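Student: Hi! Could you walk me through this protein before I set anything up?

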Amino acid sequence: MTPPADDRTRSGFVTFVGRPNVGKSTLTNALVGEKVAITSDKPQTTRRAIRGIVNRPAGQLVIVDTPGIHKPRTLLGQRLNDLVEQVLGDVDAIGFLVPATEKVGPGDRRIAASLDGYPRAKKVAIVTKTDIASRDEITERLMEVDSLREDWDAVIPLSAVANEQLDVLADELLTLMPTGPALYEEGVVTDESLEDRIAEIIREAALEGVRDELPHSIAVTIDDISRRDEGELTDIYANLVVERDSQKAIIIGHKGSRLAAVGARARAQIEPLVGTKVFLKLHVRVAKEWQRDPKQLGRLGF
């Protein structure tokens, strides 16, 4: 059941922005308390607007995890930026992320200034990764971030990995939400379909250890998900899509060793999600320059 609302109950939409790889998806997962968005040390890992739901005593936050804002080099990159623009125009609050371990740079300043374009959204500055930063670094970063804008509703240091200050952030964001009933029933953590979550888990497994130029070229599609009659095994047939034959060889690895490792990593995360053992069949196929081809982007869901 959806929790009842009273005059004190608040709910609304939040998104996090920042340079690629500042920890937006990690923070989303930490607040939700469950993995709803994949993470990687590769920039532009997130490719869709993924909603994670945070239930608190005072209300509900719907966190829309989006791709990092970047200079697009392909049609896919442009579409990801367009997606971010759309989300920013719809949310009630925007959290601007800067890692405590890195000085504020031109990219941070540009993104902070761009928030002028979204006057209806409340703005919160968030200094992340405090668990691996010195006290002096944290203090310096807080001062740098605070000076970027005059309209921050709050400036909060935290560590998503160490679970530090997450409650402070969640409670602060809730105070910025409009009053109203919860938007999702209690117990729901995401509106992502099972198929999409499985595809993302496979893509995350494929991203581990690949060369820097390859991550952007990897997409995943699902052909079939089905339970066997006895219900104790789930069959999943999926495609790893790359742009060139040379990339296909990298993904497969020597005598299939790398593809087997991808399958093992993915199965370990898919099985708790579906509640059964999993038979996962991965096929690697080439779609030439799919990131630049409107028709192929459409087929792959972009």
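Tutor: Happy to; we can start with the whole chain and then look at single residues. Keep in mind that this is a predicted model.

Student: Good to know. How many helices and strands does the protein have?

Tutor: Nine helices and nine strands.

Student: Handy. Which domains is the protein divided into?

Tutor: Domain 1 covers 10-176 and domain 2 covers 194-300. Their C-alpha centres lie 28 Å apart.

Student: What about the surface? How much accessible area is there?

Tutor: About 14,400 Å², with 49% of that belonging to carbon and sulfur atoms. As for the residues, 49% of the 302 are buried.

Student: What share of the contacts join residues at least 24 apart?

Tutor: That share is 71%, counted among contacts between residues at least 6 apart in sequence.

Student: Now backbone angles. Which residue other than glycine has a phi near 55°?

Tutor: That is Lys255. You will find Lys255 in the loop between α7 (245-252) and α8 (257-274). Another one to look at is Asn163, which is not a glycine either and has a positive phi of about 60°. Asn163 is placed in the loop between β6 (154-157) and α5 (166-175).

Student: Is Lys255 buried or exposed?

Tutor: Exposed, because its relative accessibility is 80% and anything over 50% counts as exposed. Asn163 is exposed as well, at a relative accessible area of 56%.

Student: OK, now something from the interior. Where is Gln291 found?

Tutor: Gln291 sits in the loop between β9 (277-286) and α9 (294-299). With a relative accessible area of 7%, Gln291 is buried, since the cut-off for buried is under 20%.

Student: Which residues is Gln291 in contact with, leaving aside neighbours within four places in sequence?

Tutor: The list is Thr74, Leu75, Leu76, His216, Ser217, Glu243 and Leu297. Thr74, Leu75 and Leu76 have numbers that fall in domain 1 (10-176), whereas Gln291 itself belongs to the range of domain 2 (194-300).

Student: Nice. And Tyr118, is that buried or exposed?

Tutor: Tyr118 is buried, with a relative accessible area of 11%. The loop that holds Tyr118 runs between α3 (106-114) and β5 (122-128). Beyond four places in sequence, Tyr118 is in contact with Glu85, Leu88, Gly89, Ile94 and Lys123.

Student: Let's look at a strand. Which strand is Arg51 found in?

Tutor: Strand β2, residues 50-56. Arg51 is partly exposed, at a relative accessible area of 31%. Setting aside neighbours within four places, its contacts are Phe13, Val62, Ile63, Val64, Tyr184, Val189, Thr190 and Asp191.

Student: And what does Asp223 touch, not counting residues up to four places away?

Tutor: Tyr237, Ala238 and Asn239. Asp223 lies in strand β7 (residues 219-227) and is exposed, with a relative accessible area of 57%. From Asp223 to Glu192 it is 17 Å between C-alpha atoms, with the two 31 residues apart in sequence.

Student: Last one: where does Arg299 lie?

Tutor: In helix α9. Arg299 counts as exposed, at 63% relative accessibility. Its C-alpha is 9.4 Å from that of Thr221, and the pair is 78 residues apart in sequence.

Conventions. Residues are numbered from 1 along each chain as its sequence is written. This is a predicted model: local features need pLDDT of at least 70, side-chain atom pairs count only at pLDDT 80 or more; totals for chains, interfaces and linings use all residues. Side-chain values use heavy atoms; hydrogens and water are left out. Helices (H or I, at least four residues) and strands (E, at least two) are DSSP runs, numbered from the N terminus. Buried means under 20% relative accessible area, exposed over 50%, partly exposed in between (1.4 Å probe, protein chains only). Contact means heavy atoms within 4.5 Å. Accessible areas come from the Shrake-Rupley method with a 1.4 Å probe; for residues, only the protein chains shown count as cover. Domain bounds come from an automatic or database domain assignment.
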